[in-house]
Amino acid sequence: MEFNIVKELNGQFDPIVLIKTDEKPKDALAPKAGRGGCVMSFVAQTIAKRKITAFGRENITCGGVSAGFGWGTGFKEEKDKEFQATFLSLGLDSAKDRDYFLNRLEKMPEHTKNMFLEGERIFSDYETAYENIQNRPFYDEGEYIVFKPIEALNDDEIPDSVVFTLNTMELSAMLQLNSSFRVESAHVLTPQASACQAIGVFTFGQAENDNPVPVLSPIDFAARAHMRGLIPDEYMNLSVSWNLFLKLEDLSKNSVFQTQFWEDFGNK
């Protein structure tokens, strides 16, 4: 399918779409069942190489991804939640049960172990991390999440969201477009969350709002580390629910994209 907003942006990376489904595409790239790792390295292949990627409940081992893609809380027991809150804050320094935390790290590769010991430090302390985990949007539906290039979207397909990958000028234009029909000042969500959760459940939640806003990510360096081989560091993701995308698509036909400013700063 073709869209005016894609033509006007004319960026290095065209948008991709996210589709919730119970069927896995036969030609999709996917992690091997039971293998760990960050899903954003696969999503980056959809963005940069225009490959279809798919993720299912059966081939995800990370609780953060399970929660992020709308497959429950991602935790089998309370200890799993405590472990993630420890990692997302100060690592070993914030562990409530140091022996349990260290035991979970024993079989990890040395680099990964050191990362967990240090903590990702997205949150300043364990309590804040734990409370944030508690307050994540919650979904438990569908078997697969599929990412595909927007140009590969079939006429009969309705995606759940669209993910833009933008440099600073493209992001500026999209933020202006998103602001052009609003009267309030705050209209972009930047959740303190992993990249998969930002483009997943936090964007899913916006689809249910009367006044949905875009979600800006990634702010976590772990995800960026897995994407930087394909996506330059200066790029950001802006994910929008499908209903918001359709509104922005319509607005794009008479917008900043038809001004001299975009002629001067845009991708011509």
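Four bridges join strand β2 to strand β3, and the two run antiparallel. This is a predicted model. The pair belongs to an open sheet of six strands with antiparallel pairing. The points below go through the sheet, its strands and the helices on it.

**The sheet**
- The strand order is β2-β3-β1-β4-β6-β5.
- β2 (53–56) and β5 (215–217) stand at the edges with a single partner strand each, so one side of each has no neighbour in the sheet.
- On average, neighbouring strands are turned by 20° against each other, direction ignored.
- Strands of a sheet pair through backbone hydrogen bonds, in parallel or antiparallel fashion.

- G56 has Y144 in β3 as its bridge partner.
- T53 and F55 point one way from β2. A54 and G56 point the other way.
- All four of these β2 residues, T53, A54, F55 and G56, are buried.
- In a regular strand, side chains alternate between the two faces of the sheet.

**Strands β1 and β4**
- β1 (residues 16–21) and β4 (residues 161–166) run antiparallel and are joined by three bridges.
- V17 is paired with V162, its bridge partner in β4.

**Helices on the sheet**
- Helix α2 (residues 40–49) packs on the sheet. Helix α2 touches β1, β2, β3 (144–149), β4 and β6 (236–241).
- The direction of α2 makes about 150° with that of β2.
- Helix α8 (residues 168–179) lies across β4, β5 and β6. Helix α8 runs at about 135° to β4.

Terms used:
Residues numbered from 1 in each chain as written. Predicted model: local features only at pLDDT ≥ 70, side-chain atom pairs only at ≥ 80, totals over all residues. Heavy atoms only, no water. Pairing = 2+ DSSP bridges. Axes fitted to C-alpha atoms, helices over the stretch in contact; angles between N-to-C directions. Contact = heavy atoms within 4.5 Å. Buried < 20%, exposed > 50% of the residue type's maximum accessible area, 1.4 Å probe, protein only.
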